[in-house]
Amino acid sequence: MSETYQEDLEALAARVTELEELSTHQERTVQQLNEVILQQERRLAETEAALKRLAEKFETLSTSADTPRSLEDERPPHY
């Protein structure tokens, strides 16, 4: 084999190695980003559930505030 051909093969092998390293790095980055997205999705679902519970509680409190309460149900101020 000629020296130029050997140099071309070595350069090509180096480029392939570099591309393989880059691909591995990108796969790792994509996996990390996927994990972050899954965590954010779980947090969003938890937040939506908490907001729904608060909205229902607020609605219940608003409804109960509109109904008159008897003095017998009230606690004295010193309790």
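The following legends describe close-up views of a predicted model.

**View 1. Overall fold of the predicted model.** The protein contains one helix and zero strands. Helix 1 covers residues 3-66. Of the 79 residues in the protein, 0% are buried.

**View 2. A patch of negative charge on the surface.** Four residues, Glu3, Glu7, Asp8 and Glu10, gather to form this patch. Glu10 lies in helix 1. Its relative accessibility is 48%, and Glu10 is therefore classed as partly exposed, since that category falls between the limits of 20% and 50%.

View 3. Tyr5, Leu9, Leu12 and Val16 make a nonpolar surface patch of about 350 Å². Tyr5 is located in helix 1. Because its relative accessibility is 44%, Tyr5 counts as partly exposed.

View 4. Glu10 belongs to the patch of negative charge, whereas Tyr5 contributes to the nonpolar patch.

How values were computed. Residues are numbered from 1 along each chain as its sequence is written. This is a predicted model: local features need pLDDT of at least 70, side-chain atom pairs count only at pLDDT 80 or more; totals for chains, interfaces and linings use all residues. Side-chain values use heavy atoms; hydrogens and water are left out. Patches are made of residues with over 30% relative accessible area and no salt bridge: like charges are joined within 9 Å, nonpolar side chains (Val, Leu, Ile, Met, Phe, Trp, Tyr) within 5 Å. Accessible areas come from the Shrake-Rupley method with a 1.4 Å probe; for residues, only the protein chains shown count as cover. A salt bridge is a side-chain nitrogen of Lys or Arg within 4 Å of a carboxyl oxygen of Asp or Glu. Lys and Arg count as positive and Asp and Glu as negative; His and the chain ends are not counted. The place of a charge is taken as NZ of Lys, CZ of Arg, CG of Asp or CD of Glu. Helices (H or I, at least four residues) and strands (E, at least two) are DSSP runs, numbered from the N terminus. Buried means under 20% relative accessible area, exposed over 50%, partly exposed in between (1.4 Å probe, protein chains only).
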